[in-house]
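Subject: The structure we talked about

Hi there,

Here is the structure I promised to send over. Have a look at it first, and then read my notes below.

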Amino acid sequence: MHDYGSELRYSVCVALALLLGWLIRRKELARLGYTKHPRHGIVGFGSLLGAVLGSKLGLIFFVPPAAMLDAAFWWSFDGKTVIGALIGGYLGGELTKKLV
């Protein structure tokens, strides 16, 4: 039986860190007076989505295929590779810029 308690606590901490980072970014943009381009949010979302997918795809080589069929594998914040996230985020951002 797998204990999801520690994974849940880690996931909550990651979600809170993302929220805090987003709030700090909003304050800094307002403080510095940057104007927002209408498509910045779309490109940012594409980069984030690419990073999330890239981080999980790096585990394909290390996780048995049966574990990937479990929805908890894809929705949990743990079990990621940093290099996969960097590559996926870059590619997701570049692809999104080409599409918009």
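Let me start with Leu19, which is found in helix α1 (residues 5–32). Helices here (H or I, at least four residues) and strands (E, at least two) are DSSP runs, numbered from the N terminus. Leu19 is partly exposed, with a relative accessible area of 43%; buried means under 20% relative accessible area, exposed over 50%, and partly exposed in between (1.4 Å probe, protein chains only).

Two notes on the source. This is a predicted model, in which local features need pLDDT of at least 70 and side-chain atom pairs count only at pLDDT 80 or more, while totals for chains, interfaces and linings use all residues. Residues are numbered from 1 along each chain as its sequence is written, and side-chain values use heavy atoms, with hydrogens and water left out.

Leu19 belongs to a nonpolar surface patch together with Leu8, Val12, Leu16, Trp22 and Leu23, and the patch has about 580 Å² of accessible area in total. Patches are made of residues with over 30% relative accessible area and no salt bridge, where like charges are joined within 9 Å and nonpolar side chains (Val, Leu, Ile, Met, Phe, Trp, Tyr) within 5 Å. Accessible areas come from the Shrake-Rupley method with a 1.4 Å probe, and for residues only the protein chains shown count as cover.

Now the overall picture. The protein has 5 helices and 0 strands, so the pattern along the sequence reads α-α-α-α-α. Buried residues make up 20% of its 100 residues. Of the contacts (heavy atoms within 4.5 Å) with a separation of 6 or more, 72% are between residues 24 or more positions apart.

Next, helix α5. Its 18 residues (82–99) should span 26 Å at 1.5 Å a residue, and the end C-alpha atoms are 25 Å apart, which agrees; the expected span is 1.5 Å times one less than the number of residues. Which residues of α5 are buried? They are Gly84, Gly88, Gly89, Gly92, Gly93 and Thr96. These residues cover an arc of only 150° around the axis, which puts them on the same side of α5; the arc is that of the directions from the helix axis to the C-beta atoms. Ile83, Leu86, Tyr90, Leu91 and Lys98 are exposed on the other side.

The buried residues of α5 pack against α2 (40–57). Thr96 counts as buried at 13% relative accessibility. Leaving aside neighbours within four places in sequence, Thr96 is in contact with Ile42, Val43 and Gly46. In α2 itself, the buried residues are Gly46, Gly50, Ala51, Gly54, Ser55 and Lys56.

Finally, the charged pairs. A search of the whole structure finds 2 salt bridges, each defined as a side-chain nitrogen of Lys or Arg within 4 Å of a carboxyl oxygen of Asp or Glu. In one, Arg31 pairs with Glu28, with the closest N and O atoms 2.6 Å apart. Both lie in helix α1, 3 residues apart, about one turn of the helix. Arg31 is exposed at 58% relative accessible area, whereas Glu28 is partly exposed at 32%. Lys97 and Glu94 also meet in a salt bridge (3.0 Å, N to O), and both lie in helix α5, again 3 residues apart.

Best wishes
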